[in-house]
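Here is a briefing on the structure shown below. It covers the domains, the core, the symmetry and the chain interface.

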Protein chains: 2
Amino acid sequence: MIDLSSLEKIKEIDALVSGWIKDLAAQTKKERAQHALKVSNKDGDRRNLVTNIDRDNQKVLIDKISSLDANARFVCEEAGEARAQSMDGQVWFIDPIDGTLNFVLENRDYAIMMALYEDGEPVLGWICDVPAGRLFHGGPRTGVYENEHLLEKISDKALSDSVVIVSGRRLVVGEKPYSALAQRACAFRVLGSAGISFTRLFVGSAQAYLSKLSPWDLAAGRALAEGLGYQVKNLDGTRPNMLLSNSVLIATSSIHREVVKMVKD
Amino acid sequence: MIDLSSLEKIKEIDALVSGWIKDLAAQTKKERAQHALKVSNKDGDRRNLVTNIDRDNQKVLIDKISSLDANARFVCEEAGEARAQSMDGQVWFIDPIDGTLNFVLENRDYAIMMALYEDGEPVLGWICDVPAGRLFHGGPRTGVYENEHLLEKISDKALSDSVVIVSGRRLVVGEKPYSALAQRACAFRVLGSAGISFTRLFVGSAQAYLSKLSPWDLAAGRALAEGLGYQVKNLDGTRPNMLLSNSVLIATSSIHREVVKMVKD
């Protein structure tokens with residue numbers, strides 16, 4: 001167990017892990033530029049990619065965390081690590097490259113993400129926009145930082161004045177309420193990475209994000225979004241189950257109320 | 001008339017105008033940070049915005065061009081300037097802020113765009129991603145540059161391996177063939193600015209862009225895209241009319257063939 005008993009201790013962990021992630025981001029960017037990537041498909045899905053760098057990054061982060069806590073429990077995107085079966089105690093979430101398709105095809109808009117939860121509640125999250133060199137870190141107790149800069153809490157905003165980000169795949173197959181949300185907002189965006197979509201919320205470029213997210217897609221973003229005053233809930237108003245995939249809406253309070261009503265009607 | 005009779009003369013104009021746009025971009029970024037924007041709606045459309053900075057930038061650019069050529073003819077986005085009625089001779093296109101909604105709501109992903117055409121053919125284009133400080137400039141004769149860096153011509157790529165960018169508004173109302181294109185591509189993006197969408201094509205982060213574009217949305221991007229080897233055509237295979245709006249596909253040759261077939265079927 002890691003000692004999270006005081007704000008000071010939590011800030012120490014934030015600083016330590018932020019250093020690891022900055023180093024790993026610099027190395028990832030360098031390797032992306034130098035080497036031919038080894039790309040494979042997962043689950044027979046041509047859009048679900050994994051590279052050698054996803055796997056290497058995950059191993060580096062697991063080793064670092066295990067050096068702090070030999071009994072650390074994990075929920076990781078890539079195979080090779082036993083998955084935590086309950087949210088009791090401390091759980092680490094790792095997405096070693098979020099937006100792997102962007103990483104491979106676009107060489108922009110991908111992220112390294114990590115989070116630490118205790119007894120089901122977010123303590124700290126880290127999202128590093130690797131190509132842009134921007135690390136978002138912190139949580140509900142510490143506040144949320146972009147690199148060294150403390151971010152302001154959000155103000156409430158209605159859907160018709162807002163920019164929303166949606167999963168393109170779910171929008172285009174007609175899943176509800178993606179199209180209605182996109183049409184009622186002032187504008188909508190499709191970006192292809194959960195981590196990068198979250199960062200747009202943190203800096204106030206967007207006010208809502210709707211997608212079906214795996215635990216490692218959601219964990220860091222939830223910790224940071226809740227730290228800034230966003231509501232992070234399933235479409236039926238329940239809280240996300242951090243061991244399963246969730247159709248989750250991260251949004252201002254006003255947008256949450258409007259979308260919950262939209263789904264009911 | 002501006003002397004465009006040699007490559008050297010064209011490069012001189014490129015360098016001169018690039019300097020104007022860099023200065024204007026720096027000023028625009030500063031004004032966006034300092035002042036409250038004065039935002040109005042155009043045509044009673046809540047999503048069609050104009051600000052004091054759009055109007056000021058257009059005036060600055062018209063004055064600069066007019067100092068080079070007192071008889072210069074223009075096609076500009078904002079009101080206040082007589083619009084060229086034919087593409088004979090030289091025509092300047094100005095979009096003083098492309099992506100005004102992004103400019104106002106997101107404070108990212110907006111551009112200043114200009115182009116110079118002669119007898120209907122693109123000579124030079126400029127797209128400046130203002131927040132990122134990236135100026136794309138050049139044309140079919142000079143080659144295309146990102147700041148000082150000459151960009152490589154594109155290689156052909158099929159739709160199923162490509163990232164495509166589409167107009168979100170046209171996708172979400174079910175206009176054809178937006179949804180089919182988005183579904184057949186490897187991934188699709190919605191970014192909210194024509195200029196920024198074009199820049200993704202230039203650096204190889206995307207391979208196709210489909211939207212209905214006004215002349216000032218298209219002119220610079222067409223000059224640069226054709227300079228890099230992209231096909232710029234209407235969905236029926238004809239060339240765009242530079243005095244009207246066009247449903248235009250900017251894409252690799254393979255994607256163009258596939259989409260033209262898709263539209264016919």
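In this predicted model, the centres of domain 1 of chain A and domain 2 of chain A, taken over C-alpha atoms, are 20 Å apart. Domain 1 spans 7–150 and domain 2 spans 159–264 in chain A; these bounds come from an automatic or database domain assignment. Residues are numbered from 1 along each chain as its sequence is written, and chains are lettered from A and ligands numbered from 1 in the order in which they are written. Local features need pLDDT of at least 70, side-chain atom pairs count only at pLDDT 80 or more, and totals for chains, interfaces and linings use all residues.

**Confidence**
- Chain A has a mean pLDDT of 95, and 100% of its residues reach 70 or more. pLDDT is the predictor's confidence in each residue, from 0 to 100.
- The model scores are ipTM 0.94 and pTM 0.95.

**Domain contact in chain A**
- Domain 1 of chain A puts 33 residues in contact with 24 residues of domain 2 of chain A. Contact means that C-beta atoms, placed from the backbone, lie within 7 Å.
- On the domain 1 side, β6(A) supplies the largest share, six residues.
- Elements of chain A that each supply at least two residues to this side include β4 (90–98), α3 (100–106) and β5 (111–118). Helices (H or I, at least four residues) and strands (E, at least two) are DSSP runs, numbered from the N terminus.

**Core**
- The largest nonpolar core has 157 residues. Such a core is a set of buried Ala, Val, Leu, Ile, Met, Phe, Trp, Tyr and Cys residues joined through C-beta atoms within 7 Å. Buried means that 20 or more other C-beta atoms lie within 10 Å of a residue's own, with C-beta atoms placed from the backbone.
- Met114(A), Val164(A), Met114(B) and Val164(B) have the most contacts inside this core.
- Not counting residues up to four places away in sequence, Val164(A) touches several residues, among them Leu181(A), Phe188(A) and Leu210(A).

**Symmetry**
- Chain B superposes on chain A by a rotation of 180° with 0.0 Å of shift along its axis (RMSD 0.0 Å).
- The C-alpha of Val190(B) is the nearest to the axis in chain B, 2.4 Å from it.

**Chain interface**
- Chain B has 21 residues in contact with 20 residues of chain A.
- Elements giving two or more residues to the chain B side include β2 (45–51), α4 (168–172) and α5 (178–184) of chain B.
- The copies meet through the same surface, because 95% of the interface residues of chain B are also interface residues in chain A.

Methods:
Two residues are in contact if their C-beta atoms, placed from the backbone, lie within 7 Å. A residue is buried if 20 or more other C-beta atoms lie within 10 Å of its own, exposed if 12 or fewer, and partly exposed in between; C-beta atoms are placed from the backbone. Copies are superposed by least squares on the C-alpha atoms of residues with pLDDT of at least 70 in both.
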